[in-house]
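My notes follow the structure.

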Amino acid sequence: MATFLILAVVMIVGAVGVITLKQPVHAALALVGTLLTLAVTYVTLEAHFLAAIQVIVYAGAIMVLFLFVIMLLNIQGETPPAVLAWFRPLAYIVAVVAAAAIATTAFMEPRSLPDEVQIATALQGGGVEPIADVLFSDFLLAFQLVGVLLLTGIIGAVSLVQRKVVAVQEARADGATKELEHA
Amino acid sequence: MDPLLITLAKALLLCLTLLGVFAYMTVIERRILARMQHRLGPNRVGPFGLLQPIADAIKSIFKEDIVVSAADRLIYFLAPFISITFALSAFGAIPAGPAGSLFGFDPWIMDLDIGLLYVFAATSIGVYGIFLGGWASNSKYALLGSLRSSAQLISYELGLGFSALTVLMIAGTLNLREIVELNVWSVSPLLWLPLAVAFFTFLISGIAEVNRTPFDLPEAEQEIVAGYLTEYSSIKWALFQMAEYVNMMTAAAVVSTLFLGGWRGPGFVDAFIPGMSEWPFIWLILKMAIFMFLFIWLRGTLPRFRYDQLMRFGWVYLFEIALGAALLAGAVIVFAG
């Protein structure tokens, strides 16, 4: 329990850092810290496979790409112009309401943790097999649908970039012909 | 004795060994490269230059530790430590002998069911060291080095993962100890082709992952000074160097463990001395030494890739070949296994 409390505090500090730090790289690093702490929490729950995947996929791949884009565009910690002045107070209200809702649910309906022995038997040492068993039987349809969803996302991204490239090329070709005509 | 204490002692021993080997690998590399280029190499300090690492260590400790004034202090300071910490921890899951062969203890730090994923996870966090070091230096060249390294690592991780998948499908486990005990080559002769292909794609991706020639674009000295290392000096620079060599050793150990039987020796040596193929440490060290020599040999032989060649090779050839090998292995297992 003490371990969990420490991890929870680190995770919350990290999560607050993500939204409060001005420098985008720092914010992204705070998110990396949060994700790694979550992975450690999985290890303390004996879910080793989940922990490893958490680190490889989120911290190792997705966050590296985030940082890559931040560094490539060289985004500095600049405050965006306040286009939507009414937005800020509204955001505070929404946040307070959401926090209150979560807190009320947590305190009004406290749930006891599942029995540790029960979890250990279900996880079978936190390996790959228990997860694969349910993923490729009970949740097969959901698993396949997530695959299709990801593919859709990739195709969407490629088509957006592609259209831009074609437009640029056409613009260049136009410019070239005009220059020729001019000459 | 307390098992935690034993694990800690073993981990400390492993770290010291890896760092000691790093010190001598620098000399060995310089000597071998010199030999390949008809030079002498470092041979002044001690017999055959054997005391060179000590001289280098003293030098790098006493050199001025320059901190770039426009650097992001905290991250600039943390980056080399991230690199070396995760490089050292990645090695912990690799078994070096049969159970109980290290004076009655097991010759590995951790026997994890997800062993291989653990190695991948640790190395993928180690990337942050290079990546953040280059960014925090607040210099064009360092940032270019960082961007190159992250793009390269992400691209070649695919080839690496799919090559490993071939072995995992055949072995049916992620536990490195069990993979060694099973010996993937003995499963079926039909699987030799995908295994051989996966071996080469894994080796090539591994070299790319540790940023060695011909994949050393992140520190290409003719183009971007020294890439992410440009603004580092003194002991912080040395820490990055340590991490690079430890990563090389991990790559060599993982290739040996997955594809070449890890700590096991070839069976025919048992004819000379019974049980010799089960001796701990020596076989793994021998296999790693061969790969380390190969890495140095490649550095002495091959020119560096151009950046677009690097990306095309990774995404268009290596990834597809590794994927093909994995599919072939899967088909063999399903239809002929």
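A polar contact, as I use the term here, is a pair of N or O atoms within 3.5 Å; within protein, one must be able to donate a hydrogen and the other to accept it, and residues adjacent in sequence count only if both atoms are side-chain atoms. I also note that the model is a predicted one.

**Entry 1: the interface**

I counted polar contacts between chain A and chain B and got one residue pair, both at pLDDT 80 or more. I then looked for salt bridges across the interface of chain A and chain B and found zero.

Which parts of chain A touch chain B? I found that α2 (24-44) and α3 (48-73) of chain A each supply at least two residues of that side. The most comes from α3(A), with 16 residues. I sorted the side of chain A that touches chain B by class and wrote down 19 nonpolar, four polar and no charged residues.

I looked up the extent next. The contact takes 23 residues from chain A and 18 residues from chain B. The two chains bury about 1900 Å² between them, and 82% of it is on carbon and sulfur atoms. Ile56(A), Val64(A) and Met71(A) supply 30% of the area that chain A buries against chain B, more than any other three residues.

**Entry 2: salt bridges**

Side chains of opposite charge can pair when their charged atoms come close.

I took Arg212(B) and Glu29(B), whose side chains meet in a salt bridge at 2.8 Å, N to O. Arg212(B) lies in the loop between α7 (192-209) and α8 (221-224) of chain B and Glu29(B) in helix α1 (residues 3-36), so the pair ties together parts that are 183 residues apart in sequence. Both Arg212(B) and Glu29(B) are buried.

Arg212(B) also forms a salt bridge with Glu244(B), with the closest N and O atoms 3.9 Å apart. Glu244(B) is in helix α9 (residues 234-259) of chain B, 32 residues from Arg212(B). Glu244(B) is buried too. I noted a network of salt bridges that links Glu29(B), Arg212(B), Glu244(B) and Arg299(B).

**Entry 3: one more pair**

I looked up Arg304(B) and Asp216(B), which meet in a salt bridge at 2.8 Å, N to O. Are these two residues buried or partly exposed? Arg304(B) counts as partly exposed because its relative accessibility is 22%, whereas Asp216(B), at 11%, counts as buried.

Terms used
Residues are numbered from 1 along each chain as its sequence is written. Chains are lettered from A and ligands numbered from 1 in the order in which they are written. This is a predicted model: local features need pLDDT of at least 70, side-chain atom pairs count only at pLDDT 80 or more; totals for chains, interfaces and linings use all residues. Side-chain values use heavy atoms; hydrogens and water are left out. Contact means heavy atoms within 4.5 Å. Buried area is the accessible area (1.4 Å probe) that two parts lose on being put together, summed over both. A salt bridge is a side-chain nitrogen of Lys or Arg within 4 Å of a carboxyl oxygen of Asp or Glu. Helices (H or I, at least four residues) and strands (E, at least two) are DSSP runs, numbered from the N terminus. Ala, Val, Leu, Ile, Met, Phe, Trp, Tyr, Cys and Pro count as nonpolar, Asp, Glu, Lys and Arg as charged, and the others, Gly among them, as polar. Buried means under 20% relative accessible area, exposed over 50%, partly exposed in between (1.4 Å probe, protein chains only).
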